[in-house]
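I open this notebook to record what I looked up in the structure, entry by entry.

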Amino acid sequence: MILGRTPSGAIKTKTDGALGLRAVNCACCGCDECTVSIPSSIRDLAANATAESFSINGENPEPEDFFRFSETSWTTVASSYDAGYVDGCFQFIIYAAPNGIAETGNPEICAFPLGSSTVTGNFTINAITGFDYYYYTDGGQTPVPPPIVVFT
């Protein structure tokens with residue numbers, strides 16, 4: 001079944017194969033519920049990030065802990081967080097002392113285990129506010145203040 005065309009002119013179709021009824025050949029439609037979309041005004045900075053040009057709460061990862069997978073994707077592990085970027089989508093997990101954990105996204109979909117007690121908030125990327133994050137409150141975890149993410 002033909003559904004239409006993508007912006008590049010490719011034909012979108014629907015198939016009922018082994019994976020069930022699904023659309024195929026569609027244009028990508030953004031980030032999932034556990035990541036945040038980086039604004040286009042700073043997307044080049046995020047895509048070209050290095051250990052020296054990226055930080056969360058003022059902490060840069062060590063260069064040996066920053067891994068680039070392609071021109072538009074990378075991941076890193078620092079002493080207090082894990083973070084990654086793929087094609088405009090950014091995600092982090094912050095390990096706040098002594099036992100707090102914060103993550104990007106929607107806790108109703110992304111929290112593990114689902115149903116965990118969480119508090120939601122907004123964090124900042126390059127002085128732009130309004131990006132969703134949450135932290136856990138089960139078991140007396142430490143509250144995690146809104147993170148500050150910087151790409152330079």
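Entry 1, hairpins and pairing. I began with the hairpin in which three residues join β9 to β10; the model I am reading is predicted. Strand β10 covers residues 100–104 and runs antiparallel to β9, with four bridges between the two. I looked up Tyr 95 and found Ile 101 as its bridge partner in β10.

I then turned to β8. β8 and β9 are antiparallel and share six bridges. They too form a hairpin, with two residues between them. In that turn I noted Asp 87, with a positive phi of about 45 degrees.

A further partner of β9 is strand β4, residues 36–37, which is antiparallel to β9 and joined by two bridges. For Val 36 I recorded Phe 90 as the bridge partner in β9.

Is Gln 91 buried, exposed or partly exposed? Its relative accessibility is 33%, so Gln 91 counts as partly exposed; the buried class requires under 20% and the exposed class over 50%.

I recorded Gly 84 as the residue whose bridge partner in β9 is Gln 91. Leaving aside residues up to four places away in sequence, Gln 91 touches Cys 34, Thr 35, Asp 82, Ala 83, Gly 84 and Thr 104.

The largest nonpolar core holds 28 residues, and Phe 54, Phe 90, Ile 125 and Phe 151 touch the most other members. I listed the elements that each supply at least two residues of this core; among them are α1 (43–47), β5 (54–56), β8 (81–86) and β13 (148–151). The largest share, four residues, comes from β9. A second, separate core has five residues, including Cys 34, Cys 110, Tyr 134 and Tyr 136.

The protein chain has two helices and 13 strands. Of its 152 residues, 35% count as buried. Among contacts with a separation of 6 or more, 44% come from residues 24 or more positions apart. The chain exposes about 8600 Å², of which carbon and sulfur atoms supply 56%.

Key: Residues numbered from 1 in each chain as written. Predicted model: local features only at pLDDT ≥ 70, side-chain atom pairs only at ≥ 80, totals over all residues. Heavy atoms only, no water. Buried < 20%, exposed > 50% of the residue type's maximum accessible area, 1.4 Å probe, protein only. Contact = heavy atoms within 4.5 Å. Areas by Shrake-Rupley, 256 points an atom, 1.4 Å probe, with all protein chains shown as cover. Core = buried A, V, L, I, M, F, W, Y, C linked by side-chain atoms within 4.5 Å. Pairing = 2+ DSSP bridges.
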